[in-house]
Amino acid sequence: MIAITLARYRLGDCTVYLNSESELRIPVHFGSEERLVWLKGEAYFSVEHENKRRFVVRTDRADVSVLGTEFGVRAYAGEKEFLTTLVKGSVEVKSEDNVHRIVPGEQAKIDNAGSIAVAKVNTDEFVAWKLGRIVFTDARLEDIMNELQRWYDFNVFYRSPELKELRFSMDIVKYKEVSEIFDLMEKIRKVSFEVNGNNVILK
């Protein structure tokens, strides 16, 4: 199970980091009034400022609109929540009839009903992936394994449902082999990993 390589693209005046299992669609040319892209999955955007043209990230759940800024968008299909995390500048998040503007250090969270909640967060935890780091703070084991599955492409099975609720805090560089992360987690908490081909069994 080798780590999946992250992608980095330059789109004119914008740099985009694309996480695994993600898709970005862009037009041949940006319009005169806005710079519009379509995202499925997760991406980090560094957008140069333009006075007259907004940069818009469109997803199935919401639109994120900016003039110039650095921010992360997480819009994976199947996940309960859509996340926009702001590192620099200012962004406007629009979902149906709800609109919120957030400032650096804030995150907009949109649920399936389209409601938007804004909270202060540690932005590094949500955008560190673009630098090849894994950051979790008191995270459930099931959530951690779901994230690692995207990066390393394996199947996971739990011997006991209680294992899913174990909590971990980690800030590590992404290893070439996921087994190195498993070794670290075994030292942190009483959980063991059995690897059989592309299957991982937790017990």
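Which ring does the charged end of K130 sit over? The close-ups below start with that one. A quick note first: this is a predicted model, where local features need pLDDT of at least 70, side-chain atom pairs count only at pLDDT 80 or more, and totals for chains, interfaces and linings use all residues. Residues are numbered from 1 along each chain as its sequence is written, and side-chain values use heavy atoms, with hydrogens and water left out.

**View A. Two charges sit over tyrosine rings, at Y44 and Y76.** K130 has its charged end over the ring of Y44, 4.6 Å from the ring centre. R150 does likewise with Y76, and here the charged end is 3.6 Å from the ring centre. To count as sitting over a ring, NZ of Lys or CZ of Arg has to be within 6 Å of the ring centre and within 35 degrees of the ring normal.

**View B. F45 and F71 make a stacked aromatic pair.** Rings of Phe, Tyr and Trp (its six-membered ring) pair if their centres lie within 6.5 Å; planes under 30 degrees apart are called stacked, over 60 edge-to-face, and the rest tilted. By this rule the count comes to six aromatic pairs. In the pair shown here, F45 and F71 sit 5.2 Å centre to centre, with 20 degrees between the planes. The pair links distant parts of the chain: F45 belongs to strand 4 (residues 34-47) and F71 to strand 7 (residues 69-75), 26 residues apart. Helices (H or I, at least four residues) and strands (E, at least two) are DSSP runs, numbered from the N terminus. F45 is buried at 0% relative accessibility, and F71 is buried at 0% as well. For the burial labels, buried means under 20% relative accessible area, exposed means over 50%, and partly exposed is in between (1.4 Å probe, protein chains only). Widen the view and you get one aromatic cluster, made up of F30, F45, F55 and F71.

**View C. F154 and F182 meet edge-to-face.** Their ring centres are 5.9 Å apart and the planes lie at 85 degrees, so the pair gets the edge-to-face label. F154 is in the loop between helix 2 and strand 14, while F182 is in helix 3 (residues 179-188), so the pair ties together parts 28 residues apart in sequence.

**View D. Helix 3 has buried residues I181, F182 and M185.** Looking down the axis of helix 3, these buried residues fall within an arc of 100 degrees, so they line one face of the helix. That arc is taken from the directions from the helix axis to the C-beta atoms. As background, an α-helix has 3.6 residues a turn, so residues three or four places apart point the same way. What do the buried residues of helix 3 pack against? Their partners are strand 13, helix 2, strand 15 (167-173), strand 16 (193-196) and strand 17 (199-202).

**View E. N19 has side-chain polar contacts with E42 and W151.** N19 is in the loop between strand 2 (14-18) and strand 3 (23-25), and counts as buried at 3% relative accessibility. The N19 and E42 side chains are joined by a polar contact of 3.0 Å, and the N19 side chain also reaches the side chain of W151 at 3.4 Å. A polar contact is a pair of N or O atoms within 3.5 Å; within protein, one must be able to donate a hydrogen and the other to accept it, and residues adjacent in sequence count only if both atoms are side-chain atoms.

**View F. S65 has a side-chain polar contact with R54.** S65 is part of strand 6 (residues 63-66) and is buried at 11% relative accessibility. Its side chain is joined to that of R54 by a 3.0 Å polar contact. Leaving aside neighbours within four places in sequence, S65 is in contact (heavy atoms within 4.5 Å) with R54, F55, V56, V91 and E92.

**View G. D138 and D153 have positive phi values.** Most residues other than glycine have a negative phi. D138, in strand 13 (residues 133-140), has a phi near 50 degrees. D153 has a phi of about 60 degrees and is in the loop between helix 2 (141-152) and strand 14 (155-158).
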